[in-house]
Each structure stands twice: as C-alpha cells, then as structure tokens.
Amino acid sequence: MAEGTRDQGSIGNSDPEEDSPNMTVYRKIEDIITRIQDEKTGGLAIRTVKSFLSRIPSVVSGADIVQWLMKNLSIEDAVEAVHLGSLVAALGYMFPISDHVLTLKDDSTLYRFQAPYFWPSNCWEPENTDYAIYLCKRTMQNKARLELADYEAENLARLQRAFARKWEFIFLQAEAQVKIDRKKDKAERKILDSQERAFWDVHRPVPGCVNTTEMDIRKCRRERNPQRVKKSVYGVTDEGQTHSPVHFPFQPARKLTKGDMEKEITFLNTQLDRHCMKMSKVADSLMSYTEQFAEYDAFVSLPEPSNPWISDDAAFWDLEASRDPNQRRVKRWGFSLDEALKDPAGRGQFLRFLESEFSSENLKFWLAVQELKRRPLQEVAGRAQEIWREFLEEGAPNSINLDSRSYELTSHNLRDPGRYSFEDAQEHIFKLMKSDSYARFLRSSIYQDLLLGRRKTQPESEQGRRTSLEKFTRSVGKSLTGKRLTGLMQSS
C-alpha cells in the first residue's frame, strides 16, 4: 500500500532521476533494508555486543543476515543469499565494522546498517573539498582508533596541495565538526564515525576495490543536462533552501529561463576548450597512413607483375616469399620495426645487422618467445625453461639486458610456465630494439644498399664492416711498404 501511494504521488511530480535504472535498484534495496531493521514485522534484532574491554553497539552478524534473506526472500541457496548481500554492501547500505571490504560473509562477522542520511538514493555527489574535511577531521580525532591509512594519508597530502589557498577554511570546518562530535554520547559518536567512514569507502574506495559509483547512470544523465541543479553533500539547493536529505521533495520540471540558457552556453563553451584530438589531425594521420600503404594495397594499386587472384599467375607470391627481396619489400621495412619483423627476409637482414653490432641475442630472444606461443601445450613448460636458461639465467650464453621489474615478473611467471610467461620481457626487448637498434639499422649500409638496389660483388666473408683496428693495420702496412720502396730506389 505504501509503495502504491508513493507511485501515485510520483506521477504528478515525475523526475527523470526517479525513472533511472539505478534509482529503481536503490528503491528495491532500501525496501529490503527497511524490512531487515524492522523488528516488529520479523526483522533482525540489532543489539550491542560485548567485546574485550569494550562494547560494540548496533550490530548484527553476517550469518543472521544470510538466514533472514533466505527465509524472507525465498532463496534456497546460501551462496545466492551471500551474493545478494554483497551487492547490497557494495552500494553502502551495510558494512562490516572490522575492515573496509564491502562484502557479506556467512559467519560471525559483525555488520552495521548505514543511516538513511548516507544512502546513495539521495543523489549526493561528494566533492574533493568534503573528502578533505573528512580526512582532516580524522587527524584531529582519537589517533589510536581513527589513524589514517597509507592511501588516505597520500590523498590528504594531494588535496592539501590542490586546495592550498582555501586550506584554512577546510581546517576550520573540520575543527568545528570535531567540536560538535565531542558533545555527543560515546556510543552514538562511535556509530556515526563508522557510518561516515563506510560512506567514504563507497565513494573513495580502498585501492584495488571496485568503485560502484564510477559508472553511475544518473551521473551520465546529469552530464547530458548540465543546467540541472546539483544537490550538494549537505542537501542545499541553489535557492538556498535546506531540505532533509532523506526526504528531498522533487520539484516538477519547469521551463528554461534566460539564466538556465546562459549556464548551458557557458558549459558548452567549457567543453569546447577541453583538450581533445582535433578531427583535422585524425584525418591527416589517416591520410598519411593510407598514402604510405597504398602501394601495397591490392584494392588501390595493382600488384606487380600481376594479381594472382585474377591471372592465376603465382609470380607475385613467389616474389613475396623469396629470400632476395626487391626494393618494394625493402621500402616497407622502413615503415616500422613490426613490418621488418613480419618479412622473413627483413628478419634475416636485421639479425645480420645485430650480429655485426654483437647484440643479436635481443632478436633471438624475441623470436624464441614468438615461437613459444605457437608450441603445443605439452611442450610449453620445457621450452620456457630452455629460454630461461639460454637468455635470462645467471651466466646464460646469450644473456639479455632486462630491467628489474620485467625480470621479477618473468621469474614469477615461470613458477607456472605458460605461452605468455615472457610477455613483459619480450615487450621490454622489443622497445629496446625499436628505440635503439632499429634506427641504426635504417641508416646502415646493409639496409641502404638493399633499398637502392645495389648488390655487393665481394664474398660474404669480406662484406662485414671493417673494424677500426683492421683499418689502422692496413694503413700502417701501406705506409711501411711505401718507405721501403723509396729506400730501395735511393740505394740503387
């Protein structure tokens, strides 16, 4: 009957937020929470538990909540009841008093219900200034009980730097709230402190926990209607009227005024000034990419000597697979290191260049990891250990240079070897080759000769680069030979 009355009352004053999917879920959860807390209609008895040298007020055990959900919501499986309770806890309607993990456990863990003042259905949008006041207030209270965690201390320092100009105002607000809290009863103060902390665990969660307010549908709706009045944490509207955050009277939609239109124009101008990729730059990059690969796209340029799909002439495929690349293939190696490594001939020439620089172990490791990803599953573990012993183990014959982070991750992954155990190390080596060796390869005589179509007539053994010592020895030998010939001619 109460629900029917509420629905009828909301017809005249319809609000878009009331029809949102999130609000529908909130209303259903709040109905369950209200039934659990109502002892007269079969709810749970909220009691004070005696602990060692202390008393914990207004709590209920997780096992009692699970039993109530199974009994009153016709749930047969306890796992389903725990899952439902965890969803309710993740939205901040109840919370454990021992830790900050907003889940429900089917044991003797003590839970406390959140006050309606902090329910998410009130459309609050806590700002960073409110969070700064809360953290600053925590530092003024009993430090033994409410000491800041590491992530909270980091957030406080970051907020203090961001609000340096009005930090005095934030400090005075926190100090005033602390003075008011000290006048309250000790048990009441303990309950309010835990409820406020649970509220911030939802809106500013512990690192690693899921943020249930991050993808809020109501928030997206308000962004599409920037002229809507946003309610602050303290329930104050823009007209300066203060209402109860629990029963906020929704006003019917009114016509837009001149001031509303000016606010919307200001908002849109602000959005235009945001840093974003311009369409012209996107088009330029797309055009340059298209022009670069147009020569290699059979839909744009006809392949030479002919299209094998039309003429049934396989000469094109033979040229692409040959180890003696033409200038067209060599030119593509210069687009990126990926293009050079895709071509077997490009890999061979790049490996030859690295051997001349005594750094071929980087490419050998990269190729070994690529080959590992295509191995049968039963051979992966053995091959992974072989790669470790060859490239990463202390005293390895082809040791590669890895940073400490990649080395630690790889060694951790090899405890349970898989196809992608060397993913971090392979990525580091690829970046190293791309930023260092690849640029020198494009400037080397090996690549330039292939690009210009020059072929060396010297044997392969004499095509390598001469070292400075060889050049010096040859120049000294020539000078000594010239001096001997001069001496012989003078003596004769």
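In the predicted model, Arg405, Ser406, Leu409, Thr410 and Asn413 of helix H20 meet Asp424, Ala425 and His428 of helix H21, a contact being defined by heavy atoms within 4.5 Å. By class, this contact has 2 nonpolar, 4 polar and 2 charged residues; Ala, Val, Leu, Ile, Met, Phe, Trp, Tyr, Cys and Pro count as nonpolar, Asp, Glu, Lys and Arg as charged, and the others, Gly among them, as polar. H20 and H21 pack at an angle of about 150°, and their axes are 8 Å apart. Axes are lines fitted to C-alpha atoms, for helices over the stretch in contact, and angles run from 0 to 180 degrees between N-to-C directions. The two helices, H20 and H21, are therefore roughly antiparallel (angles under 35 degrees count as roughly parallel, over 145 as roughly antiparallel, 65 to 115 as roughly perpendicular and the rest as oblique).

With H17, the packing angle of H21 is about 95° and the axes lie 10 Å apart; H17 and H21 are therefore roughly perpendicular to each other. Gln349, Phe350, Phe353 and Leu354 in H17 meet Met433, Ser437, Tyr438, Arg440 and Phe441 in H21. The residues of this contact divide into 6 nonpolar, 2 polar and 1 charged.

H21 itself covers residues 423-443, and its 21 residues reach 29 Å from the first C-alpha to the last, close to the 30 Å expected at 1.5 Å a residue (the expected span is 1.5 Å times one less than the number of residues). Helices (H or I, at least four residues) and strands (E, at least two) are DSSP runs, numbered from the N terminus. H21 bends by about 40° at Lys434, the bend being the angle between axes fitted to the seven residues ending there and the seven starting there. Its buried residues are Ala425, Gln426, Ile429, Phe430, Met433, Ser437, Tyr438 and Phe441, where buried means under 20% relative accessible area, exposed over 50% and partly exposed in between (1.4 Å probe, protein chains only). Their cover includes helices H15, H16, H17, H18, H20 and H22.

In helix H5 (residues 128-140), 11 of the 13 residues are buried, so H5 is largely enclosed by the rest of the structure. The protein chain has 23 helices and 4 strands, and buried residues make up 33% of its 492 residues.

Residues are numbered from 1 along each chain as its sequence is written, and side-chain values use heavy atoms, with hydrogens and water left out. In this predicted model, local features need pLDDT of at least 70 and side-chain atom pairs count only at pLDDT 80 or more, whereas totals for chains, interfaces and linings use all residues.
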